[in-house]
Amino acid sequence: MSTPVNGSRSTTPTKAARVTPVRGILPVDESSLLADRPKPRHKLLHSISVSAAFHAIILFVLSWIYFDLPNHRVLESILSLVVSDKDPSGDNVVIDLREPTEPTVDLAEATIFKDSIVSPDDLDLPVPVALNSESISNLDRGQFEKGVTPPAKSANVKLATTSKSATSGKSASKKGATIEAEVQHLDHFVGRTAVAKAALLKRMGGTDASEAAVARGLVWLKNHQLPDGSWNFYHLVNPRCDCTMPGRMDNNPNGATAMALLAFLGAGQTHETGEYQSEVQQGLDYLLANGLRAEKGICFYGTLTGPPTYYTHGLVTITLSEAFAMTGDARLRPAISGAIDYLAATQDSGGGWRYFPGQPGDTSVVAWQLMALKSAQFSRITVPQKVFNGVDRFMRSVSSMRGSQYSYTPERQLTPTLSMTAAGLLCRMYLDWNDNGGLRAGVRLLDEHGPEPEGMYYNYYATQVMHHWGGPEWDRWNNVMREHLIRTQIRDGHATGSWDVADRHGNIGGRLYMTTLALLTLEVYYRHLPLYQKDRIEIPLLNQAADVKSR
């Protein structure tokens, strides 16, 4: 999967540089090569200069490859060697800056693996066996981590400002029972509790209007839940619905249900607290009843083939992990551990995932799997470090410009796109990347480009990056993104509370896909604690050794 909203922000983003080849920069006088007489001194010097320039070019190209220097710096250096200030041929050198096109992925297509040397038939894959809520709960607990409980919730939020910058690393200074938000075992979802939510909403740039939009969106989702507890991207399966723009993907209730539940959970609504306990409970029960046991772990994409597979698995894993972290409901733990086991067992040697087990990854799919891994880790589920190491290896294979830009696949490393850059930067943040200038440059690129009115997938990732980064960049981004979503939400008819599709891939998931992404974007102020904020948010830990609830 995968034009500023505010017309006043017309700054264009940094783009990959391409050079139109120019002939005749280094002319060769062939007659001098055939002459018997010795070369004049000035021609000999000229030949030596040409040779030196040629070898210098080789050295620069090699250094470019080794040190991953930005394209424009290499080109400028090379051109400075072969084109003198007096040489008019330099005027013919054209550097064409063009926005690389991003591949369009049709999530409704059948399994097509034309670009892969491996197909599902080449793999010895286990035959999944259907599970239900009870059978998942009764899985052998010995395979899961024991004796570690999710952190207790604390509504006592302290907002503290320090002078530490985002690029100076992540200190873990402690003040009494207070630790900084980025410490590994802090409750990363505490911002969703009532008191914390109110404080963060005000502190991070939310408004009464943005919260009202979230409330309307949750009502729309409630009205489109099906009797079995699921949601469907093709929302017209609900007989009461006359909303337009249904998704084309009607065979993926797990993915649709997970996205809907994430919007509820992001607003602090669980199956134990809030206004939508019944809806969330039914949705979770549906997901637990529709996992498939594989040889290693649990697969949540069922019998799907093609692009929707790992997107769905990642979404379900995130959903169950967040629900577990927010409630401590022990029923969810075995399913989450099984989902992580499946990801670990099916990770490609290059560190990624795509459409079927073992296939070389793409950045879009990998980003969702990393969020699943981190969500599980935040809920105290053990995730093997080698899996994170693999993801880091994959991210390096798709990065360019010293880690500030990212491409769709390693083969397209030198053609980064905005949406994959946003996803890649967020992945780097969650991998605890020590900024070397690349992160700052990537944030600057997103800041200059701004939100896109027809690019909700890009907006979803970029909003999180800017929120984690903070500072004036976040303020500029948020002021545009927030007001755009409030302004474009539907306010009449059965579609009230939803959003019309405004994304190049949106016709696949339709109105439900668009609405959930918009809601998650408006919940950004409290949904996750900021990772790289210059103004640190500190939260006291209370009753850290709380027991997991048993049912």
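Predicted model: local features only at pLDDT ≥ 70, side-chain atom pairs only at ≥ 80, totals over all residues.
Q: What share of the residues of the protein chain counts as buried?
A: Buried means under 20% relative accessible area. The chain has 551 residues, and the buried share is 55%.

Q: How much of the accessible surface belongs to carbon and sulfur atoms?
A: The accessible surface of the chain comes to about 23800 Å². The part from carbon and sulfur atoms is 54%.

Q: Is α14 parallel or oblique to α15?
A: Helix α14 spans residues 438–449, and helix α15 spans residues 456–469. Their axes lie 11 Å apart, at an angle of about 125°. That angle is why α14 is classed, relative to α15, as oblique.

Q: Which residues of α15 does α14 meet?
A: The crossing of the two helices is left-handed. From α14 come Leu439, Arg440, Val443, Leu446, Asp447 and His449. By class, the contact of α14 with α15 has 8 nonpolar, 1 polar and 2 charged residues. The partners in α15 are Tyr458, Ala462, Val465, Met466 and Trp469.

Q: Is the crossing of α6 and α17 left-handed or right-handed?
A: Helix α6 (residues 208–223) packs on helix α17 (residues 506–522) at about 145°. Their axes are 10 Å apart. The crossing is left-handed.

Q: How many charged residues are in the contact of α6 with α17?
A: Contributors from α6 include Trp220 and Leu221, and those from α17 include Arg511 and Leu512. The contact has 8 nonpolar and 4 polar residues; the charged count is 1.

How values were computed: Residues numbered from 1 in each chain as written. Heavy atoms only, no water. Buried < 20%, exposed > 50% of the residue type's maximum accessible area, 1.4 Å probe, protein only. Areas by Shrake-Rupley, 256 points an atom, 1.4 Å probe, with all protein chains shown as cover. Axes fitted to C-alpha atoms, helices over the stretch in contact; angles between N-to-C directions. Helix = DSSP H or I, 4+ residues; strand = E, 2+ residues; numbered from the N terminus. Parallel < 35°, antiparallel > 145°, perpendicular 65-115°, else oblique. Left-handed = near helix turned anticlockwise from the far one by under 90°. Contact = heavy atoms within 4.5 Å. Nonpolar A, V, L, I, M, F, W, Y, C, P; charged D, E, K, R; others polar.
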